[in-house]
Amino acid sequence: MERRVAIIACMMGLIAQAACVPKPTPEDLRLTPETQVNRQLQTRVFETSDEAKVLAASSAVLQDLGFLIDESEQQLGLLVGSKMRSAINPAEVTVMYILAIMARSDPVYSERQLMRICLVTTPSMGEPPSTSVRVTFQRIVYSNQGLGIKFETLGTPEIYEEFFARLSKSLFLEGKEL
Amino acid sequence: MKKHLKRISCLFFLGTALLSSGGCATTQERLLDSETNQLQLRSIQSRAFETTDQVKTLRTVMLTLQDLGFIVTSGEAGLGSVTGSKWNRGLMIITVSVRPRGESQMLVRANCQLDKQLVNDPVPYQMFFSALSKAMFLEAHEVE
């Protein structure tokens with residue numbers, strides 16, 4: 001009998017959850033005070049008018065970092081790459097197993113993550129002519145049951161610094177045609 | 001206890017019956033989103049800009065999407081469309097198309113979805129076009 005009550009409660013919970021869909025708010029598509037700071041962190045300007053060269057060097061950096069190129073559109077200066085990596089954290093797995101044993105259920109823990117990068121180049125006809133590169137990162141973490149459990153934007157000042165250092169080096173190498 | 005259980009079961013079956021009877025009609029209608037007013041939606045989602053440069057407009061759309069925290073997942077200059085996604089209380093996906101309108105304008109249309117639902121509230125679109133307008137240094141004109 002208790003089991004039946006539990007099943008009914010679960011079903012009711014699922015129905016209630018299905019009905020609870022997030023509503024869009026103006027903040028979803030509004031610029032925030034952090035926009036300017038993020039833009040500065042995510043952008044570097046290179047003193048070259050050769051946008052194609054910057055895109056080629058960027059593509060090489062993406063490949064150096066293990067990304068596969070999903071999308072490229074030279075006319076828009078767009079490169080999109082992704083890679084799948086492990087997201088297993090032994091401490092998390094241990095805790096989730098202990099909780100699962102206590103609750104007599106299956107453990108759910110982060111298993112793999114899809115990491116995505118989007119790079120956009122913009123030429124500027126100023127003096128001297130330049131090409132700016134803006135890069136953003138994102139990841140989706142999947143559980144051992146195949147469900148997407150975390151979806152977030154990644155990027156610390158250090159990550160951007162390292163990425164642009166590699167891109168500068170790659171541009172130099174492209175220039176040298178090595 | 002027995003009476004209580006009976007009441008819960010009744011409520012549950014009533015709920016499922018209601019959901020399934022309504023679901024048969026509405027879930028199929030969602031293919032063409034037939035319940036929405038197409039003209040009204042088009043007007044909410046579109047703005048015209050005084051420019052003839054389609055590629056530059058698309059490039060500005062991509063930078064605006066990055067400003068708004070989206071990652072651009074695809075873009076095509078030939079068709080004039082860009083798609084981006086971000087997580088904001090749910091998965092938000094936006095597709096923006098840019099095409100010529102008359103001889104001096106570009107029509108920008110944004111189509112946004114939040115967690116399996118079409119966004120048809122005009123305010124988020126107003127916010128998007130306000131951000132795009134700033135990035136383009138051009139006024140966004142409403143269209144009929």
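Let's start inside chain B: setting aside neighbours within four places in sequence, Leu132(B) is in contact with Thr60(B), Val61(B), Thr64(B), Val108(B) and Ala140(B). Two residues count as in contact when their C-beta atoms, placed from the backbone, lie within 7 Å. What you are looking at is a predicted model, in which local features need pLDDT of at least 70 and side-chain atom pairs count only at pLDDT 80 or more, while totals for chains, interfaces and linings use all residues. Residues are numbered from 1 along each chain as its sequence is written, and chains are lettered from A and ligands numbered from 1 in the order in which they are written.

Now follow helix H3 of chain B, residues 54-67. Its 14 residues reach 20 Å from the first C-alpha to the last, close to the 20 Å expected at 1.5 Å a residue; the expected span is 1.5 Å times one less than the number of residues. H3(B) is mostly covered, with eleven of its 14 residues buried. Among them are Val61(B), Met62(B) and Leu65(B), but also Arg59(B), Gln66(B) and Asp67(B). After H3(B) comes Gly69(B), whose phi is positive, near 90°.

Stepping back, chain B contains four helices and seven strands, in the order α-α-β-α-β-β-β-β-β-α-β along the sequence. Helices (H or I, at least four residues) and strands (E, at least two) are DSSP runs, numbered from the N terminus. Of the 144 residues of chain B, 32% count as buried. Among its contacts between residues at least 6 apart in sequence, 51% join residues at least 24 apart. The mean pLDDT of chain B is 84, and 78% of its residues reach 70 or more; pLDDT is the predictor's confidence in each residue, from 0 to 100.

Chain A has five helices and six strands, and its pattern reads α-α-β-α-β-β-α-β-β-β-α. Of its 178 residues, 23% count as buried. For a local view, visit Arg44(A) in strand S1, residues 43-46. Arg44(A) is partly exposed because 18 other C-beta atoms lie within 10 Å. Not counting residues up to four places away in sequence, Arg44(A) touches Ser132(A), Val133(A) and Phe164(A).

Finally, see how the chains meet. The contact takes 32 residues from chain A and 38 residues from chain B. On the chain A side, the elements giving two or more residues include helix H1 (2-19), helix H2 (35-42) and strand S4 (110-124). H1(A) provides the largest share of that side, five residues. By class, the chain A side has 17 nonpolar, seven polar and eight charged residues. Here Ala, Val, Leu, Ile, Met, Phe, Trp, Tyr, Cys and Pro count as nonpolar, Asp, Glu, Lys and Arg as charged, and the others, Gly among them, as polar. The model scores ipTM 0.79 and pTM 0.80.

Note on methods: Buried ≥ 20, exposed ≤ 12 C-beta atoms within 10 Å, placed from the backbone.
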